[in-house]
Amino acid sequence: MVHQTESKHGMWSSRLMFIFAAAGSAVGLGNIWRFPYLAGENGGGVFVLAYLGCIALIGLPILISEILLGRAGRQSPINAMVALADVSKVSRNWQVIGWMGALAGFMILSFYAVIAGWAMAYVLEMMSGRFVGVDPVQAAASFETFIGDPFQVVAWQTGFMMLTIAIAARGVGRGLEVTVRYLMPALFFLLVALVIYSAVTTGRFVEGLAFLFQPDFERFNSSSLITAMGQAFFTLSLGMGAIMAYGAYMPKGSSIVGTAATIAILDTSVALMSGLVIFPLVFANGLESSAGPGLMFITLPIAFGQMTGGQVFGTAFFVLVSFAAITSSISLLEPAVAWVVEKTSLGRAKAASLVGGIAWLLGLGSALSFNLGADWTLPNGFNFFDTMDYVSNNILLPLGGILIAVFAGWRLSDATLQDQMREDQGSFALWRFLTRFLAPFGVLIVFIVTIF
Ligand code: TRP
């Protein structure tokens, strides 16, 4: 058993603050920007069902595993895996989970900051009133002009990264916890207000609900399945050690299963509620639900532009997105920052700047994918941004997830496992079964189906 009760990086002050932090990591662009457009492209109900299935049967057991491994190891994911491999008397090669995770973290954060930067820019755009009464052609043109300007996109990406670095630099208590303590309640308040606004002003709430839950098999295909699984990993922040890093700061003595279930329910509710904000607006204004990544930046501004109170609520919407993004980006940075702090004599501030700087540099590739670098494409047509997104979400995260499940389910020492799951005797057997069999094989099957 590893006997640390505290991490050297600090601790969450309560179980609730861990839930805020982990839900803050989980709730992000994945819920508000990605989930609705994926649901739109992949046939609504069938996709949502596949997604919910992946969350419950694959995501939740792995979420529990990550929290468990983090809390047992009490260090950055890389070093935690070394320590846990040692106490479990298995190969130290398991630290590959930490290394792959750090790589995935860099890749995700790099493009995440670009999109988050767009959202911040759109707070000002909506506030300025320039979308009031705008028609579809103008809204699309204004988005194209914005992302086509390398200077603007890079400036916003840089601003967002600097914010992320500044929070990470202040440490777990004064940086991360203070941020989630205020932003998470604000986020829920904004979201509820927006759902009500959307329902009341459009009168199309039921249509939005129907779209999310009514299956359209025509649009669902085998690639929808891996998309649903990739989304389940992405939205729960799984497979790269972010939750493991946060778990290292979780106080002992509370149930991991209950905590994980709370986080998964919060995250799923936010995704569905975002759909219930967006689709009624889209339908009421006769717009296309399958607009892809532009759904949030083109379709929504048109909708807000047509509606009373659209300027205020449109601004609120992009504030919501920016808050959600910042509480996620700090978790993408944390595993690597914690590792640098443990490994070198650099303090947190320097570690955060170094790690964030690398992610920023890599992100320039994505920022320029929409303008100067639009021609830098692979034979399949993927630009730099698409490639980062695809490789990290559809390959690295599920692969990391399989390894985490196998390690927690099969290799971790029994003493450590029992010690962490003391509060979860009732659900232990079910968790173990899902983690040993269903989660790894589920991911594997989806991989295989996708390849053939
Ligand atoms: N879950 C976040 C979202 O839905 C993104 C995110 C934060 C993430 N940390 C992560 C994704 C770690 C994968 C791994 O927007």
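Predicted model: local features only at pLDDT ≥ 70, side-chain atom pairs only at ≥ 80, totals over all residues.
Local features are reported at pLDDT of at least 70 and side-chain atom pairs at pLDDT 80 or more, while totals for chains, interfaces and linings use all residues. Residues are numbered from 1 along each chain as its sequence is written, and side-chain values rest on heavy atoms, without hydrogens and water.

A pair of aromatic rings is described by the distance of the centres and the angle of the planes. Rings of Phe, Tyr and Trp (for Trp, the six-membered ring) pair if their centres lie within 6.5 Å; planes under 30 degrees apart are stacked, over 60 edge-to-face, and the rest tilted. The count by this rule is 30 aromatic pairs. One of them joins Trp-33 and Tyr-37: the centres are 5.4 Å apart and the planes stand at 65°, so the pair is edge-to-face. Both residues belong to helix α2 (residues 29-41), and because they are four residues apart, about one helical turn separates them. Helices here are DSSP runs of H or I with at least four residues, numbered from the N terminus. Trp-33 and Tyr-37 are both buried, meaning under 20% relative accessible area with a 1.4 Å probe, protein chains only.

Tyr-112 and Phe-234 form a tilted pair, with 6.2 Å between centres and 50° between planes. This pair links distant parts of the chain, 122 residues apart: Tyr-112 is in helix α5 (residues 96-128) and Phe-234 in helix α10 (residues 222-235). Tyr-112 is buried because its relative accessibility is 4%; Phe-234, at 9%, is also buried.

Phe-234 also has Arg-34 over its face, 5.0 Å from the ring centre. A charge sits over a ring if NZ of Lys or CZ of Arg is within 6 Å of the ring centre and within 35 degrees of the ring normal. Likewise, the charged end of Arg-436 sits over the ring of Trp-410, 4.2 Å from its centre.

Terms used. Helix = DSSP H or I, 4+ residues; strand = E, 2+ residues; numbered from the N terminus. Buried < 20%, exposed > 50% of the residue type's maximum accessible area, 1.4 Å probe, protein only.
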